[in-house]
Amino acid sequence: CRCNVQLGAFGATEKLKRAIPLKVLDALALKMPMVVGDTPGCRELLTDGEHCVFAKLAHPQDIADKILWLKAHPSLSGKIAEAGYNLYENELSIERIAAQLSQDLKSHQIHVQ
């Protein structure tokens, strides 16, 4: 990828407020800093300034300001990208989800073949 920042979804829809867009997970997996809409769904997973930079929904100026902030702070941008990637690897990777699902099934004595 030749970009410096990934952009999440910024619409002010009820569905977006509840969901975490797949592009957010993609950005984490790619170890890219991202600007994402500040929603309750994203706040369940991400911390502003640690894993991403939140921007106000449906607010183009705030989105632009956050992109420019990341550009002006490359070392912080790199730390955000690294923390996001670590979150992905530790909590969201296919391997981690499969291991957690297997553990949950075993703890409930459910056998899957």
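A salt bridge here is a side-chain nitrogen of Lys or Arg within 4 Å of a carboxyl oxygen of Asp or Glu. I start my notes from that cut-off.

**Ground rules**

I am working on a predicted model, where local features need pLDDT of at least 70, side-chain atom pairs count only at pLDDT 80 or more, and totals for chains, interfaces and linings use all residues. I number residues from 1 along each chain as its sequence is written, and the side-chain values use heavy atoms, with hydrogens and water left out.

**Entry 1: salt bridges**

How many salt bridges does the structure hold? I get four. Side chains of opposite charge can pair when their charged atoms come close.

K31 goes first: it forms a salt bridge with E82, with the closest N and O atoms 3.4 Å apart. This pair links distant parts of the chain, as K31 sits in the loop between α2 (22–29) and β2 (34–37), while E82 is in helix α5, 51 residues apart. My helices (H or I, at least four residues) and strands (E, at least two) are DSSP runs, numbered from the N terminus. For burial I use relative accessible area: buried is under 20%, exposed is over 50%, and partly exposed is in between (1.4 Å probe, protein chains only). K31 comes out partly exposed at 37%, and E82 is partly exposed too, at 35%.

Next I checked R43, which forms a salt bridge with D38; the closest N and O atoms are 2.7 Å apart. R43 is partly exposed, with a relative accessible area of 46%. D38 is partly exposed as well, at 31%.

Is D62 buried or exposed? D62 is buried, with a relative accessible area of 10%, whereas K66 is partly exposed at 23%.

**Entry 2: the sheet**

I count two strands as paired if DSSP finds at least two bridges between them. Strands of a sheet pair through backbone hydrogen bonds, either parallel or antiparallel. What is the strand order here? I read an open sheet of three strands in the order β1-β2-β3, with parallel pairing. The edge strands are β1 (6–7) and β3 (53–55), each pairing on one side only.

Going strand by strand, β1 and β2 run parallel and are joined by two bridges, and L7 stands opposite V35 in β2. On the other pairing, β2 and β3 are parallel over three bridges, and V35 stands opposite V53 in β3.

I then looked at the faces of β2. Both are covered: M34 and V36 are buried on one side, and V35 and G37 are buried on the other. Helix α2 lies across β1 and β2 and runs at about 160° to β2.

**Entry 3: α5 against α6**

Which residues make the contact? With contact meaning heavy atoms within 4.5 Å, I find Y88, E89, N90, E91 and L92 of α5 and I94, R96 and I97 of α6. These divide into four nonpolar, one polar and three charged. My classes: Ala, Val, Leu, Ile, Met, Phe, Trp, Tyr, Cys and Pro are nonpolar, Asp, Glu, Lys and Arg are charged, and the others, Gly among them, are polar.

**Entry 4: positive phi**

Most residues other than glycine have a negative phi, and most peptide bonds are trans. K31 turns up again here, with a positive phi of about 55° although it is not a glycine. A58 also has a positive phi, near 55°, and is a residue other than glycine. I place A58 in the loop between β3 and α4, and at 55% relative accessibility A58 counts as exposed.

Key:
Axes fitted to C-alpha atoms, helices over the stretch in contact; angles between N-to-C directions.
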